[in-house]
Every structure is written in structure tokens, then in C-alpha cells.
Amino acid sequence: MNLLSKLLIVVFAVHLFSCNKTKDTILEKKYTSLDSLSVDIIKPSNLENTNPDSSLIFEAQLTGKYVTDYNGLKTVWRSDKDGVLAEGKIASERIFGKFRLSKNIHEITLSIYNELDSVIEAKIKIYNLINLYNIEKSANSNVLRWTSCNDLNFESFKVYRSETETFYDSELLYTTLSRSDTTFADTSIFLGRKYYYKVSVNLGGKESITLDSETRSIVAGIFITVDYPIAKIIVDKRRKYAYGLVRPKTLYDQNNNGYGIAFINLEKRTIERKTNVYFFDFDIDPSGDFLYACTGTNTIYKINLNTQATADIFNINSWVHKIEIGNNNRMYFHLTPPTSGGTRFGIYDLVNKKELTFLSTSTDFYNSYYSGDFELSDDNIIYHSESGITNAKVTKLGTTNDIFSILKQTVGTGYSSSIYYVNQRLFCGPSVFDRDLNLLGKFINDKNEVTIEAVSPDGSRAFGWGRIYNTTTFLPTRIVPAYYDIGAFSDNNTLILSKSENPFSYKDFTTNIYFYSF
């Protein structure tokens with residue numbers, strides 16, 4: 001071997017040593033060993049039922065040998081159904097991902113690679129199949145909608161309802177074998193009650209699986225909540241409004257949150273209280289422009305319904321507790337009764353602003369009418385129903401020439417009170433009379449006479465004891481699922497119901513005002 005050959009061999013050996021040393025240096029600096037590391041997916045949990053209509057947050061934990069430099073590691077999230085979900089670098093021992101998966105049963109794999117493509121992995125299975133959407137409610141139902149299911153092993157959907165979040169008292173409401181049947185209206189609700197719902201999807205195959213949606217809750221019914229009681233509701237025929245008398249139903253009880261008149265917007269379902277005065281009764285005049293309210297004393301308020309402002313306050317000679325406005329510019333009133341005993345009626349001239357001298361054809365008019373309520377016909381005839389005494393009378397009173405006269409009188413039922421004059425018929429207690437107090441029929445349910453509490457504007461329906469009745473057959477047609485104190489028809493197919501509670505103090509109230517359509 002000559003000298004030149006020897007020199008070439010030496011140079012090659014030195015170069016080879018140098019390259020090996022460089023590679024060893026690179027490996028020593030860049031290579032991250034996975035031998036003592038492990039990874040776990042901690043969110044979602046294995047076999048968890050997830051929402052297919054939202055992005056899912058994934059979280060994994062890298063544990064084992066302490067690693068200070070994660071730059072050499074990379075992650076790959078995969079689904080066996082959707083493929084690669086994301087790739088990226090690792091910044092710390094906590095690894096996060098956010099993905100939206102297809103509706104399916106997914107096996108999720110998280111792979112962690114180092115510089116040499118060595119790998120460690122974690123796997124979970126999740127059920128991304130069913131989502132119960134936010135519940136929609138109407139005046140008489142709760143409507144549920146959920147996602148369809150395309151899994152080949154689909155067997156059924158089942159809808160469950162409970163009054164507790166734990167579902168220990170749950171009831172099965174609905175079962176369907178159709179994978180595309182994803183809507184259910186729960187019409188068996190009770191107004192004001194909170195319900196919890198969930199939908200289960202049942203899968204067959206080798207192993208039967210039942211997967212529950214998330215739980216949704218809702219308080220049944222369309223309602224407004226206020227912090228004062230409502231004693232009476234009347235409906236404005238010209239506007240989409242009703243007016244509530246703000247006070248306890250029982251006279252002389254107290255309310256810490258004030259009194260007055262509540263203006264109820266029937267279209268927007270909003271309410272506003274105005275005029276902080278304790279009113280006993282109110283009525284809208286035939287023009288529909290003004291509402292008159294009496295205070296139980298001799299003071300009367302006149303409220304402009306177009307502006308919702310007080311137009312006038314005036315005093316009359318008598319203390320009155322019930323009023324009706326005639327179409328002859330007269331205000332008819334019933335004097336505020338004493339603790340016991342009866343009182344008379346009177347007339348106030350709204351044009352000349354004076355109380356008319358009391359005139360009658362009988363001295364009995366001075367003290368013969370016990371509390372109760374009265375209505376005024378289109379021709380200004382008074383129909384009065386007594387209350388507070390047995391065999392309470394129903395009386396038809398003429399007012400021709402501003403002189404009171406008894407036209408007819410009949411015995412009512414027990415302690416009857418409220419009275420309604422609608423389309424030439426008189427509703428009083430369980431009884432229906434014609435204009436001449438001839439009995440047309442009675443409302444009966446389970447052999448019990450039913451006291452009517454409201455009548456529809458066209459007179460075709462009546463409401464009492466939690467039921468709606470046909471006023472021709474006198475038979476119940478619908479149960480109204482609500483606890484209530486008072487009710488009124490806002491139209492022929494809608495009831496306004498008010499329910500007050502004062503569980504903590506007899507002076508503090510919470511009232512729900514429901515709008516129930518049927």
C-alpha cells in the first residue's frame with residue numbers, strides 16, 4: 001500500500017468517526033423517549049353519551065417520566081368514523097382538542113409520536129347519537145324535539161318525564177319505533193309545574209344499549225310573575241289588554257307591595273302596575289275609553305285607557321264597593337255594606353257630576369241587598385246576586401227615569417256571589433237564567449252543582465271548578481290543568497288565570513298570571 005492510499009484511508013476513517021459522533025449528538029439532543037410515558041383521555045369519559053349537535057372538548061393527561069421539552073412530540077387525534085380529527089405539537093402534559101363529530105358511535109384514538117415515530121396511544125368509545133333540544137312551550141303543552149338516529153341497530157326512542165332532577169319518579173310518556181319520529185308534544189302538563197325531560201335511544205345488536213340524552217327542564221305554561229295579588233280581572237274589548245285589580249281577594253287583607261290596577265298586555269304578555277290605590281271594584285264604560293274604579297269610600301277614579309293615566313278623581317256622597325257604568329252616562333253603584341246587613345243601590349250622573357237623589361218604588365231598597373255582585377244590561381237593568389247569606393236572592397231591578405223598581409226576584413243557590421250577563425243570559429252560581437230570571441239550566445259535574453267563575457265573550461263557554469263547560473249542554477268539555485284563584489276569558493278560546501301564594505308572610509305575595517289557550 002503506497003503512501004497515498006494510506007492517507008486516503010486515514011481521511012475516510014476520520015470523516016466516518018466525525019459523522020457518527022454528530023449523529024449521536026443529534027440523537028442525544030433531539031430524541032425523546034416514550035418508554036416511561038403513558039397517556040390517558042380523561043374527557044369525555046369512556047362510553048360517555050355526548051351531544052352530536054355541538055363541538056366536544058377533549059382532554060388528555062401525559063404521565064410518567066418528567067419531560068422538560070415537548071418540542072419533539074406530536075399528537076394525532078383520530079376517529080374510526082371521521083378519520084383524522086387534528087394533528088399538533090404538545091405544549092405541556094395536558095393535551096386538549098375541540099372537535100365536532102358525526103352522529104355515530106366513535107372510537108377515539110389519541111396517538112403521541114416522538115422523533116423516531118415511536119408511539120403511545122389512548123382510546124375511548126363515545127356515543128355521539130342523541131341530543132334533546134331546548135324545550136319549546138305553548139299555553140297548553142311542552143314540545144320536545146331531538147336528533148334522529150341512523151345507527152343500524154336502532155330500535156326505539158323513549159321520552160321520560162319527572163318532577164325531580166334525579167328522575168326517581170320518572171314516567172314514560174312516549175315510545176316510537178321510527179328513527180325519524182323526533183317530536184313529541186306533552187299535553188298532560190299542569191300549569192306552573194316544573195318538569196324534567198330526557199329522551200332515550202335504544203340500540204339492539206349483539207348487546208342492547210340504552211343511551212340517554214341530556215336532561216332538559218321547563219316550567220309549564222305561558223305566564224307572568226308579579227309580587228302582588230290580583231283580586232279581579234276584566235278584559236278590554238277594544239284593545240289587546242286586560243286589567244287586574246291589585247289587592248288580596250279577601251277585602252281588608254294587606255299587601256306589602258302596594259295596590260292599584262295592573263295593565264296586562266295580552267299580546268306582549270307583559271304587565272305594569274299603575275295608581276297605588278286600594279280599589280274595591282272597577283268597570284270600563286261603554287265607549288271603551290275610560291275605566292272607573294271605586295275605593296270602598298266615596299272617592300272614584302277615572303282612568304283614560306288610551307293614555308293609561310288618571311283623567312279625574314272625584315267624590316260622591318256615598319261610600320260604594322261595586323260599580324257599573326251604563327250607556328246613559330250614569331254610574332250605578334252598590335253602597336259599601338256594613339259588617340252584617342244589606343244596603344241599597346244608587347246612581348251618579350257622570351255628565352253633571354252629581355249623585356242623584358235616591359228614588360224607588362219600595363222602601364225595601366234601603367237595606368235589602370246583601371254584598372254580592374251586580375251586572376248591568378244594555379238597557380241599564382240591574383241584575384244583583386247576593387252573597388254571605390243562605391238562600392241568597394237574585395234580583396232584576398229596573399232603573400227607568402232613575403227610579404229603582406223590583407221587576408223580578410228569585411232565590412239563588414247558597415252563598416252565590418259573582419254574576420255575569422252575556423248575550424241576553426245571566427250566569428249566577430251554577431244557574432243560567434234568561435233576561436226575565438227564568439231558569440234555563442244548571443252546570444253539574446259528578447252530581448255537584450258548579451259555581452261559574454267566568455263566561456266567554458260570545459257566551460258559548462263557561463269556566464268553573466277548573467273546567468270549561470258548553471253553555472248549551474251545560475256539560476264539561478275540558479279540564480284546565482291549573483291551580484288558580486280567579487279567571488277571565490280574554491277571548492272565546494283563551495283563559496287568563498291568576499294564582500297568588502304567600503307562604504312566608506300573609507302580607508307578601510307571589511302571583512303567576514297564566515294565559516291558557518284551548
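Strand β7, residues 104–113, has eight of its ten residues buried, so the strand is largely enclosed by the rest of the structure. Buried here means under 20% relative accessible area, with a 1.4 Å probe and protein chains only. Strands are DSSP runs of E with at least two residues, numbered from the N terminus. The model is predicted: local features need pLDDT of at least 70, side-chain atom pairs count only at pLDDT 80 or more, and totals for chains, interfaces and linings use all residues. Residues are numbered from 1 along each chain as its sequence is written, and side-chain values use heavy atoms, leaving out hydrogens and water.

Strands of a sheet pair through backbone hydrogen bonds, either parallel or antiparallel. Two strands count as paired if DSSP finds at least two bridges between them. Strand β4 (residues 74–79) runs antiparallel to β7 and is joined to β7 by six bridges. Within this pairing, K74 has Y113 of β7 as its bridge partner. Strand β8 (residues 119–128) is also antiparallel to β7, with ten bridges between them. Five residues lie between the strands in the hairpin of β7 and β8, where D117 takes a positive phi near 65 degrees.

A further sheet is open and has three strands in the order β9-β10-β13, with antiparallel pairing. Strands β9 (136–137) and β13 (183–186) stand at the edges with a single partner strand each, so one side of each has no neighbour in the sheet. Between β9 and strand β10 (residues 142–145), which run antiparallel, there are two bridges. One of the residues involved is K137, whose bridge partner in β10 is N142.

Notes: Buried means under 20% relative accessible area, exposed over 50%, partly exposed in between (1.4 Å probe, protein chains only). Helices (H or I, at least four residues) and strands (E, at least two) are DSSP runs, numbered from the N terminus.
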